[in-house]
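Subject: Structure handover

Hello,

Here is the structure I promised. My notes follow below it.

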Amino acid sequence: MAESDTLLRVSVSRPDTTMSSSSPTADTDPLSLLRLSISQSSSPSLSHTPNPPPQGASPVTLASASYLIFPSAAFPLWTKTRFQKSGGESVDLRSIYFAWLHREDTIPDYITKAQNLGDGVVTNLAFLERLELVTWLEGGQEESDFIKPLASAVTSALASADSHTVGGAPGGGVAGAVAMGGQGVQSTPGGSAKIGGSSAALTGKVRVTDPRLLEIYSYERVLSNRNTFLRGIKPTDFSHVRKQAEDFITRLRNQKPSGSNPSSSTPGPHHHHPHHPQQKSLPHRSSHPASGSASATSTPSKSPSKSRSRDPIILLSPSASSLLTMANIKAFLENGSFIPASQLPGPHETIHQISRLIPAIHPTAPVRFLVVDSIEKFKPDYWDRVVGVFTTGQAWQFRDYKWNNPVELFRQVRGFYVGWDGETVPDQVRGWGAGVKCLNIERNRRFRDREVCESIWDGIETGMKLKFGR
């Protein structure tokens, strides 16, 4: 950035102050003004314009601000300061003020907050650089290896030294004094030198740092995580690609092969259609009818069993006191209509297949659930597919379950207790933890059944997202 940009100074409280392109002085240097405001405990303010924000306005964040307002001047936050990094790069005012605001943060917190502002918004200072800056701003030291001296201070020191040449030493001034072995030069505690009885402020004095400390600083590394290495500071969401791929696969699966003859719709057990290998390579969901896919018609005995082996399972209570049984569960979960089991004489199915659209699992294709009230034919891997267990509060129901302890069971699977409205929930059900959702069915108002049904499906969907990581 040009020197004129670096020294931009906008008048705030003194109208006669004008823009200056000359070298900054202590009154026009943003770094010196920041140090002065810190010593006076009057923090500068952030603003979008060169004028101070009005009273009562919402605070301006450092990331969105454009100016740093001091009582006597306003500086753009992109102004380059006298502070330079180890490589000689000048640091802008926004990065200086950010380092001061987060002076108490640890190194990982400081780096993380800098990255959260955006890529390139602030310059990340190393630990030693940040330590030197904070110490200088607090007044703990007068000089720093990272801060260039003010041009006005150097000029005045050289002019004063030239006017007081020490003993006619060759070269004159400070250089002559140093060449003569320092005769007539007396150092003072304030960082100045007394030459021939007058003081000259010598800025930019070289300080010697402990070599062991420098060796420790050389091992400093910027902490990074997988986001900064692989994705940058803004992780990219590719979930839309998965949805597009699923829709594409669904269209391919439902597309009928071109040029197929009528007899190919019902092939024999040894008939192989030339399009079948491609259809078999595509994932198939059980919710689509068998007639919509050539692969489903070619193997009618295998496709249902394969699809059924992946269907989630809902377990009902076999207790006779349960309000939801195999007699009325299908109508309730599909239509939201509760019919007392006593009004539905048997025999009833031992397994129900219920289809339901679960947006968290698939946005367009319904998911088929298997509903049973017995685990007599359960295989060990079936338990990984259980997504809901209905209970009446009787612990004997779980005697043969994989998790026969109700507390442990409802940590793994979402539970549901359905009772009549007005009846008290058993204490043992409440003691089984938050994994059991208690719902009430009203005796007379059937329009409330749909609300209970949707609440059950919401619980099942939430449990499936936690269980399958969708």
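Buried means under 20% relative accessible area, exposed over 50% and partly exposed in between (1.4 Å probe, protein chains only). This is a predicted model: local features need pLDDT of at least 70, side-chain atom pairs count only at pLDDT 80 or more, and totals for chains, interfaces and linings use all residues. Residues are numbered from 1 along each chain as its sequence is written, and side-chain values use heavy atoms, without hydrogens and water.

Helix H10
Helices (H or I, at least four residues) and strands (E, at least two) are DSSP runs, numbered from the N terminus. H10 covers residues 239-254. Its buried residues are Glu246, Thr250 and Arg253. They span an arc of only 65° around the axis, so they lie on the same side of H10. The arc uses the directions from the helix axis to the C-beta atoms. Exposed Gln244 and Arg251 are on the face turned away from the buried side.

Gln397
Gln397 is in the loop between strand S13 (386-391) and helix H15 (406-412). Gln397 counts as buried because its relative accessibility is 7%. Its side chain makes a polar contact with the side chain of Thr391, at 3.3 Å. Such a contact is a pair of N or O atoms within 3.5 Å; within protein, one must be able to donate a hydrogen and the other to accept it, and residues adjacent in sequence count only if both atoms are side-chain atoms.

Charges over rings
The charged end of Arg103 sits over the ring of Trp100, 3.8 Å from the centre. Arg130 lies over the face of Tyr110, 4.2 Å from the ring centre. The rule: NZ of Lys or CZ of Arg within 6 Å of the ring centre and within 35 degrees of the ring normal.

Best wishes

Notes: The expected span of a helix is 1.5 Å times one less than its number of residues.
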